[in-house]
Amino acid sequence: MSVTDRPDDSPGGQAARRRTFAIISHPDAGKSTLTESLALNAQAIDEAGHIHGKAGRSATVSDWMGMEKERGISISSASMQLQHRDVVLNLLDTPGHADFSEDTYRVLAAVDAAVMLIDAAKGLEPQTMKLFRVCRHRNIPIITVINKWDRPGKEALELIDEIREETGLTPTPVTWPVGIAGDFRGYVERGTGDLTLIRATPGGRQAAEEEHLDADQVDRVAQELPELAEALEESELLEASGADHDQDTFLAGISTPVFFAAAVRHLGVPRLLDALTELAPPPEPRPDVDGAPRQLDAPFSAFTFKIQSGMDAAHRDRLAFVRVCSGVFHRGMTVTSARTGRPFSMKYAHLAFGRTRDVVDVAYPGDVVGIVNASALRIGDTLFEAEPVVYPPLPRFAPEHFAVARPADMGRMKQFRRGVDQLEAEGVIQVLRSERRGTHVPVLAAVGPMQFEVVEHRLREEFRSPSKLEPLGHSLARATDTDSAEELAAMAGVEVLERSDGQLLALFRDRWHLLGIERTRKHLTLEALVAA
Ligand code: G4P
């Protein structure tokens, strides 16, 4: 739907102007750089916690957590709002490190599209593929960007083949580069034959200059640009192989439009902004827990996909990020929490998080709102006004690392407990308990070991309760039930614990240990959890 089709101020009309998306990539493919470049080339309405960057890089360093700085990785997710033409772009950041994939998964539950960013020299890397599978699982349409075209890399056609083979999606290049990787002269618009010549500005501080030539002007430069003939030839080859963009197959998750860029020099980024506004889908009515879609014009509803503490060291506060699904958000409105049935006041809401926070007064479907000190909210909670709704819970990933947690100083038990509860509510870690160990001795369960480091760091820094984590020898968990629990718990090397959502988990040493048990005791309930 074109933005101007519904210029009204109804939630549905405003939703039509919105594109909510995330960038998925392997670390170092250029996600932070592309984020910065998108912000530079669009009108940044708001930035959440500033744009994520690497340690030491001026102006982009997120200082929410000392750890993030020390390690130079992005641990926490935030969102940023941009405007391009008449479209509002909500860009949700995802942590790049595989250890935080659960967090990433939750962010992907809140987007309507994803940009899959690929390093032209490296092609599809493992973390990209992992995140791609999550998008596929959730039917999120994917726009592919081949980045670092200013640097020597693979051949364009080779990359297209790789995307097809690795992802099973039909790559449909919308632009085609003029010049090989390392010699980025511009790109052909495959649909129209128009040409964009690129002139980067020195140092890359500003948006690159682009010169647009209509198809009938292209001949004028063909003489001086032998690379153009080659690009046009390759583009024709692609056409013959059915690689032209098709909006329906893109939205259905069958094809992926492909663009070429060099984010560090802002090349191809303006084109990507156009693509996001033109191709990425606006928010749709979101299905509730029973599969019934909540109409965009229905009263306000939203769900919490991220809780973040300690973003501002000076304030030690806690922000819950909610994605608006229907209706209009007004600051100060009182809504109902579907989990508790209690009223919840949205008095302290911000559209921007981090060092500079702007108060948000109004937000529409697709927007992300940060609610300050929302201690009553948990990950996955639904909030609604007037007409009740419950959105599906956000799935927990299968943990592969387990550790018993204790306070280093028993005198700080209260702070320790509060800290563990808090970190669990934020989804930083899963917490398992059993009668055998005692409810005050939690077993922490993580998808990646770095989550433990975050827990230790935050218990020490925020809750003033240094902790001792003692790793357990398990590496695999299966969901079980009370009928099987007793028998499982009596087996050597198996431990059964209860997760806070009431799910019983049986822990095994490894795959072989589990296989042996499954072979001989077929009557036991042992179900796989969502794999990271
Ligand atoms: P990430 O968030 O996906 O982990 O990647 P990030 O943006 O931090 O980029 C990783 C490295 O790749 C950075 O270099 C960045 O400058 C570089 N890069 C990103 N996009 C492009 C591009 O289009 N072309 C080229 N040539 N390089 C690109 P670095 O050496 O790690 O950092 P820096 O010192 O250059 O800032």
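Analyst: Two strands pair if DSSP finds at least two bridges between them, and helices (H or I, at least four residues) and strands (E, at least two) are themselves DSSP runs, numbered from the N terminus. Please keep in mind that this is a predicted model, in which local features need pLDDT of at least 70 and side-chain atom pairs count only at pLDDT 80 or more, while totals for chains, interfaces and linings use all residues. Residues are numbered from 1 along each chain as its sequence is written.

User: Which residue is the bridge partner of L432 in β26?

Analyst: The partner of L432 is V443, and β25 and β26 run antiparallel, joined by three bridges. Strand β24 (residues 401-407) also runs antiparallel to β26, with four bridges between them, and here A403 stands opposite L444.

User: Which way do the residues of β26 point, and are they buried or exposed?

Analyst: A residue is buried if 20 or more other C-beta atoms lie within 10 Å of its own, exposed if 12 or fewer, and partly exposed in between, with C-beta atoms placed from the backbone. In β26, V443 and A445 point one way, L444 and A446 point the other way, and all are buried. By contrast, G438, in the loop between β25 (430-433) and β26 (443-446), counts as exposed because it has 9 C-beta neighbours inside 10 Å.

User: Which residues have the most contacts inside the largest nonpolar core?

Analyst: In soluble globular proteins, nonpolar side chains tend to be buried together. A nonpolar core is a set of buried Ala, Val, Leu, Ile, Met, Phe, Trp, Tyr and Cys residues joined through C-beta atoms within 7 Å. The largest one here has 130 residues, and those with the most contacts inside it are L108, V111, A114, A261 and L444. Two residues are in contact if their C-beta atoms, placed from the backbone, lie within 7 Å; leaving aside neighbours within four places in sequence, the contacts of A114 include F21, C135 and I142.

User: Where does UniProt place the feature "binding site"?

Analyst: UniProt positions are given in the numbering used here, feature names are shortened, and annotations may be inferred rather than shown by experiment. The unreviewed UniProt entry places this feature at D93, T94, P95, G96 and H97. Of these, P95 is found in the loop between β4 (87-92) and α4 (101-108), and P95 is buried because 21 other C-beta atoms lie within 10 Å.
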